[in-house]
Amino acid sequence: MLDGRKVTSRAQWVGERRPELLALFQHYMYGGIPPKPAHQQAKVRGEYRDFLEGKATLKLVTLETGGAPAPRIDLMLITPKPLSGQPATAPVFLAMDFCGNHALTADPRVPLAHSWLGGMCASCSNNAATEAARGSEATNWPIEEIVRRGYGLATFCSGDVDSDRAEVSDGLYAWLADGDPARNSPTNRGTIAAWAWGFQRCVDYLLSDPAVDPHRIAALGHSRNGKAALLAAAFDERIAMAFPHQAGCGGSAPSRGKTGESVKAINTRFPHWFNARFKEFNDEPELLPFDQECLVALCAPRPVLFSAAEGDQWANPAGQFQVLQGAGGVYQLLGAEGLAATEMPPLGRLVDSRLGFYIREGKHSMTADDWRVFMDFADKQWRRTR
């Protein structure tokens with residue numbers, strides 16, 4: 001506990017320490033995650049059972065979180081067609097993407113993203129999606145293989161919640177500020193918390209969809225999106241598993257780490273990602289009343305996989321491994337396995353314990369091979385056979 005008392009029981013963790021950590025992370029780092037909107041609506045814009053030559057159903061849903069200018073989230077849900085003798089519902093990876101659902105598949109029925117897109121997105125014009133961008137990210141999102149292995153995929157674009165710009169908020173925080181600039185300051189915005197809120201709104205819908213297994217929804221994201229996926233899982237126990245891929249500082253790596261991106265570096269380059277108080281620790285992150293092992297502990301006893309790349313030292317793979325080690329005590333307190341490794345594994349070998357770790361060759365990226373590791377880990381944790 002913050003007052004120095006040891007946590008020695010499940011009841012004390014659930015009733016005292018977990019709520020304390022939730023409050024501390026919001027106060028000192030991420031800012032508050034807004035509550036569920038009072039008038040959220042889900043509108044199915046299209047449902048196509050002929051996707052992937054009939055192997056899957058493509059459903060296009062718009063989540064309206066309030067009246068204009070509240071965020072409007074386009075959710076793409078792809079679920080495998082149940083085979084004879086198989087369950088009617090599928091476990092689902094819920095992932096936030098950078099460049100819009102249209103970039104993941106060339107299917108022309110998927111609408112182009114309506115939100116602002118960053119310069120990293122291919123075939124965009126003036127930060128807007130174009131027809132030429134369809135399927136531009138498909139090689140990194142192996143949808144057909146995901147479906148073949150019995151998983152569903154639900155995706156939404158970060159810009160639908162709030163665009164990734166320090167100088168502009170055109171989504172959640174603009175709506176909540178109601179025209180008051182003082183309530184939407186770039187240095188106190190907390191965009192990662194907004195994106196976590198977006199994950200939670202998508203979970204609201206997925207729990208109601210008859211093709212989705214409501215007990216097996218995993219949150220997944222790469223880099224900054226991985227930070228949001230981990231935060232969403234930590235704060236929302238409806239999320240059954242977390243995959244923060246190469247999430248680095250502010251996500252899966254320690255704030256007190258000496259390798260790679262520092263608290264000062266991330267706050268300087270991305271002032272809108274965290275709240276103002278987090279910037280007070282730029283030069284002395286050791287004064288934070290927590291580190292990221294506490295965020296992972298908030299997921300306990302649910303499975304979490306950290307995945308990294310040898311060439312991505314900016315994300316501090318060794319520090320990520322240490323974070324998992326640090327969270328293990330809470331998992332053990334709750335009767336679950338922690339990290340079943342005492343040292344980092346060789347490249348390409350998955351540690352598939354409840355707290356899992358994987359490091360490969362290469363650099364900062366998400367690939368089809370990474371997805372195979374994600375599915376292998378989910379197979380193990382959810383006791384699925386291929």
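A: **Aromatic pairs and their setting**

Of the 386 residues of the chain, 58% count as buried, where buried means under 20% relative accessible area, exposed over 50% and partly exposed in between, with a 1.4 Å probe and protein chains only. The model is predicted: local features need pLDDT of at least 70, side-chain atom pairs count only at pLDDT 80 or more, and totals for chains, interfaces and linings use all residues. Residues are numbered from 1 along each chain as its sequence is written, and side-chain values use heavy atoms, with hydrogens and water left out.

The chain has 12 helices and nine strands; these are DSSP runs numbered from the N terminus, helices being H or I with at least four residues and strands E with at least two. Its radius of gyration is 20 Å, close to the 21 Å of the globule rule for 386 residues, so the chain is as compact as a globular protein of that length. That radius is taken over C-alpha atoms, and the rule is 2.2 Å times the number of residues to the power 0.38.

A search of the whole structure finds 15 aromatic pairs. Rings of Phe, Tyr and Trp (its six-membered ring) pair if their centres lie within 6.5 Å; planes under 30 degrees apart count as stacked, over 60 as edge-to-face and the rest as tilted. The pair of Phe-25 and Phe-290 is tilted, because the planes stand at 35°, with the ring centres 4.1 Å apart. Phe-25 belongs to helix α1 (residues 10-30) and Phe-290 to the loop between α9 (276-279) and α10 (292-297), so this pair ties together parts 265 residues apart in sequence. Phe-25 counts as buried, at 0% relative accessibility, and Phe-290 is buried with a relative accessible area of 2%.

Helix α1 also holds Tyr-30, whose partner Phe-274 lies in the loop between α8 (263-269) and α9, 244 residues apart. Tyr-30 and Phe-274 form a tilted pair, 5.8 Å centre to centre and with 45° between the planes. Both of these residues are buried.

Elsewhere, Phe-93, Trp-141, Tyr-151, Phe-243, Trp-371, Phe-374 and Phe-377 form one aromatic cluster. Over the ring of Tyr-151 sits the charged end of Arg-384, 4.3 Å from the ring centre. Such a placement requires NZ of Lys or CZ of Arg within 6 Å of the ring centre and within 35 degrees of the ring normal. Arg-109 likewise lies over the face of Tyr-48, at 4.4 Å from the ring centre.
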